[in-house]
Amino acid sequence: MSLSDLPESWTVWNDEHEGRCVLAYRPDVFDAQAFPAPCMPTISLTPGSPNRPPGERSGEAWYVTFYLEPEVSLPGTRRFDSREAAVDGAVDLAAEFAAGEIDYRDAYQVPREEYLDRLDELTGRDAEH
């Protein structure tokens, strides 16, 4: 699997050769008019834990984190042993989100119901909330 296998609704926002990679969900609609630009869902692949202790080499493990907004992420950052495995994991995560299989509402401590209802519509999730 590779980044070219991303669902159509996702795009590669930034991809450093053998380094960090950021995937963005529907940047065409998170344009500050249809949806707030800061709320654009992103998936970040990073070498080494963002909270790694000093001295830990960054290339030992890869982490995939799903951000709903800069300060709101899904629980359970995923850890992988290689960049290739992290790319596979990120593509799978993007596909789950695009298919409406991720419950992102629980990530919000203060729910923003109107925004989340609109996000449900965009992702094709049933509005059973």
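I began with the residues lining the largest pocket, which divide into 7 nonpolar, 3 polar and 4 charged. For this I counted Ala, Val, Leu, Ile, Met, Phe, Trp, Tyr, Cys and Pro as nonpolar, Asp, Glu, Lys and Arg as charged, and the others, Gly among them, as polar. The model is a predicted one, where local features need pLDDT of at least 70 and side-chain atom pairs count only at pLDDT 80 or more, while totals for chains, interfaces and linings use all residues. Residues are numbered from 1 along each chain as its sequence is written, and side-chain values use heavy atoms, leaving out hydrogens and water.

**Pocket place and volume.** I looked up which residues lie nearest the centre of the largest pocket: of its 14 lining residues, they are Leu 74, Pro 75, Gly 76, Arg 78 and Leu 93. The elements that give two or more residues to this lining are β4 (62-69) and α1 (83-98), and β4 gives the largest share, 3 residues. My helices (H or I, at least four residues) and strands (E, at least two) are DSSP runs, numbered from the N terminus. The volume of the largest pocket is about 150 Å³. A pocket here is an open set of points on a 1 Å grid over the protein atoms alone, where a 1.4 Å probe fits, with protein on both sides within 12 Å along at least five of seven lines; lining residues have an atom within 4 Å of a point.

**Aromatic rings.** How many aromatic pairs are there? I noted 8 aromatic pairs, taking rings of Phe, Tyr and Trp (its six-membered ring) with centres within 6.5 Å, and calling planes over 60 degrees apart edge-to-face. Trp 10 and Phe 97 are edge-to-face, with ring centres 5.9 Å apart and planes at 75 degrees. That pair joins strand β1 (residues 10-15) to helix α1 across 87 residues. Tyr 25 and Phe 97 are also edge-to-face, at 4.8 Å and 90 degrees. Trp 10 and Phe 97 are buried, meaning under 20% relative accessible area with a 1.4 Å probe, protein chains only. Tyr 25 is buried too. I was pleased to find Trp 10, Tyr 25, Phe 66, Phe 97 and Tyr 104 in one aromatic cluster.

**Charges over rings.** I found Arg 112 over the face of Tyr 115, 4.6 Å from the ring centre. The charged end of Arg 118 sits over Phe 35, at 4.3 Å from the ring centre. The rule wants NZ of Lys or CZ of Arg within 6 Å of the ring centre and within 35 degrees of the ring normal.

Notes: Points joined across faces, edges and corners; volume = space filled by probe spheres on them. Phe/Tyr/Trp six-rings, centres within 6.5 Å; stacked < 30°, edge-to-face > 60°. Buried < 20%, exposed > 50% of the residue type's maximum accessible area, 1.4 Å probe, protein only.
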